[in-house]
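Please look over the model below before reading the points.

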Amino acid sequence: MLRILYAARRSTRFLLSFLAIVACVHLSPAQQMGGIASGTPQSAQFDAKHRPITAGGFVQSGPIVFQNVAQQAGLTVWHHTAGTLEKRYILEAKGPGVALLDYDHDGWLDIYFVNGSTFDALDGKASPPHAALFHNNHDGTFTDVAAKAGVTNDRWGYGVVVGDFDNDGWPDLYVTNYGKNRLYRNNHDGTFTDVAEKAGVALGGWSAGATFGDYDGDGRLDLFVDGYIDFDIHNPPESGNKVVGYSRCVFRGATVMCGPRGLRGERDHLFHNNGDGTFTDVSVKAGVSDPDRYYGLGTVFADVNNDGWPDLLVADDSSPNYLYINKHNGTFEDDSYTDGFAVNEGGREVANMGLALGDYKNNGHLDVVSTTFADDYKVVFENDGSGNFTDVSYKAGIALPTVPFVGFGDGFLDYDNDGWLDLFIANGHVYPQVDQHPEWGQSYAQRPQLFRNLRNGSFAEVPPVEGTGLAIVSVGRGAAFGDLFNNGKIDVVISNMDGVPVLLKNVNPDHHHWIELSLIGGANSPRDAVGSTVYLTADGLRQRQDVLSGGSYLSSNDFRLHFGLGDATHIDAVEIHWPDRTVEKLDIPVVDRILTIEEGKGIVVGLAATPDSAPSTTLLK
């Protein structure tokens, strides 16, 4: 009987979503004309100085959480470039992603920034911009070693994801491009070698998001890559030309770049890891090839129904999201509509960009936040634990504050170490033309947003204090989250369009305790433990963290799992669910440490750290 009722519920949800979408198709002129899926144009919001709220709303005093230290850290010597500043074509407006990884095993996070390119560079008429790999100098500064490391890319880059695909214990990089992609294999000596062609994962066309995950349980990381648009550089879509059927491409009456709607999308690809350095494309067989050619952006493997197998989520721009449920036999079932993830509460597809995953209610379930375009709220998908999602954006307090913004990178982080996940969103428009129309109340460069978890299923926006990191105005895209200074606080790196990076150092004054866990998989799990889930209990609060490859917007976060402990000085229990579905319970006798845990061996290394001193390595017994 329960199965019948559950099936009926799923059928009803599908029918309601389908009818709502049909209504949108017939009633929305904007949708018929193409462009970007969005809600009804909203009234302009200005602050007291008549600045658009997206570039204003600053306060004189309040909690200071982040400071931008990018210049002091040496990151601003690098600059992102993508086409021209006018953004005539959609190729110029997407990307760039950013990744955090410890590529040289020195215990400190390094930063990889993807760069774009120019049309002259593609034609061989100019030198291409380079990607950057910033080595962490352990003193708050970084040095770009991309050329020495062999990871400059020199193609029109978009996204990056980290994963140890060859199980040698060293993190590798996969970079998505317009054109062929790169698979940079770590050589263990500070350099990388591009093996994408040999591995069979170079592709071509326009790739966007990517994620590593062991979908079939063989202990090796497989690779999923989503496609964005079938873009012909020699016949680009432009308002009024033949490629778009001589239609005008407009936003609020102003001529803008064309797409993604109205343009042909790219297929998605799932590559099975053969264990010999090569991959096999199994997209069609596995049921994840995207025959409808939606416009894929953010993507991540994650276990959303708590069965121990990684499922697959894809954020599609101006088209329905994908939620593929792992069937444990090498295939996936497309439950996007039946599980409530394809569209928002109104049954309407939105311009999905980034994906943040986290257990923000501390109930053991992975919830999801999808960033979207302006005039649309950012969507909070609450998970009931079985992979069924409900749009609770308004209830969670995220909807109204995010409507004016164009959101890209996003992530859950416990910025104050109180044991409850907060939410960060990097923002930036895609149409530079908005600055020519101040009456719209929108801006091209926008400030980020931070939402504090109120511990009751809702959030409150942290006010942007003038002169602090939350008052930085930039054209934000990718965002990555991790403890860059090894001091037990989560920092944020934002990669900006046509600009220098932002490094938001966490300077929140709290003195709460914390623990960070770096996991190493055993013989039957991926070596970097991607796909692991850890449950930690302290002071009666049970938290969940997952080792995920990818997510946010075309970016990759710190693989170390960070738990804020509040005032707790003792950890009651730690339960690790490894990718091979082994469950291990550990006693962790310390707090305020970065610990390395190997499957079946327990704690192998402990790193003691305080905000005022460099870490020291001690073996804990």
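1. A residue is called buried under 20% relative accessible area, exposed over 50%, and partly exposed in between, with a 1.4 Å probe and protein chains only. On that basis 63% of the 621 residues of the chain are buried.

2. The model is predicted: local features need pLDDT of at least 70, side-chain atom pairs count only at pLDDT 80 or more, and totals for chains, interfaces and linings use all residues. Residues are numbered from 1 along each chain as its sequence is written, and side-chain values use heavy atoms, with hydrogens and water left out.

3. There are eight helices and 39 strands in the chain. These are DSSP runs numbered from the N terminus: helices are H or I with at least four residues, strands E with at least two.

4. The C-alpha trace spans about 70 × 60 × 50 Å along its principal axes.

5. Contact means heavy atoms within 4.5 Å. Of the contacts between residues at least 6 apart in sequence, 62% join residues at least 24 apart.

6. pLDDT is the predictor's confidence in each residue, from 0 to 100. The chain averages 93, and 92% of the residues score at least 70. Residues 1-14 have pLDDT below 50, with 15 contacts in the model beyond near neighbours in sequence. Residues 610-621 are also below 50, with 22 such contacts.
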